[in-house]
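Visitor: I have never read a protein model before. Could you walk me through this one?
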Amino acid sequence: MQQSVIKSISRLQNSKVGNPRFHIEMEDGTKAATLSNAGWAYSIVPHAWEGKRCKYEIKEYKSGYRVFDSVEI
């Protein structure tokens with residue numbers, strides 16, 4: 001797991017089944033979206049999480065698309 005501070009969180013369009021999605025940018029330059037239909041995305045509170053130190057894991061697909069596999073405050 002990597003560590004950084006959350007710089008910004010923006011809401012994306014919900015997944016096809018209605019689950020929330022977010023784009024998160026870290027101060028270390030890492031940018032990615034939450035995985036579609038990830039249950040942990042329901043715990044994200046953008047205004048409360050921004051500026052907080054967190055641990056995160058990134059999953060990168062062969063196409064180069066990157067998603068957060070987990071983010072823990």
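Guide: Let's begin with secondary structure. Helices (H or I, at least four residues) and strands (E, at least two) are DSSP runs, numbered from the N terminus. Here the chain has 1 helix and 5 strands, in the order β-β-β-α-β-β along the sequence. This is a predicted model: local features need pLDDT of at least 70, side-chain atom pairs count only at pLDDT 80 or more, and totals for chains, interfaces and linings use all residues. Residues are numbered from 1 along each chain as its sequence is written, and side-chain values use heavy atoms, with hydrogens and water left out.

Visitor: Which strands pair with strand 4?

Guide: Two strands pair if DSSP finds at least two bridges between them. Strand 4 (residues 53-60) pairs with strand 1 (residues 2-12) over 4 bridges, in the antiparallel sense. Strand 4 also pairs with strand 5 (residues 66-72), again antiparallel, over 6 bridges. Look at tyrosine 56: glutamine 2 stands opposite this residue, and so does valine 71 in strand 5.

Visitor: What lies between strand 4 and strand 5 in their hairpin?

Guide: There are 5 residues between the two strands, and glycine 64 takes a positive phi near 100 degrees in this hairpin.

Visitor: How many of the residues are buried, as a percentage?

Guide: Buried means under 20% relative accessible area, exposed over 50%, and partly exposed in between (1.4 Å probe, protein chains only). By that rule, 36% of the 73 residues are buried.

Visitor: And what about contacts between residues at least 6 apart in sequence?

Guide: Contact means heavy atoms within 4.5 Å. Of those contacts in the chain, 44% join residues at least 24 apart.
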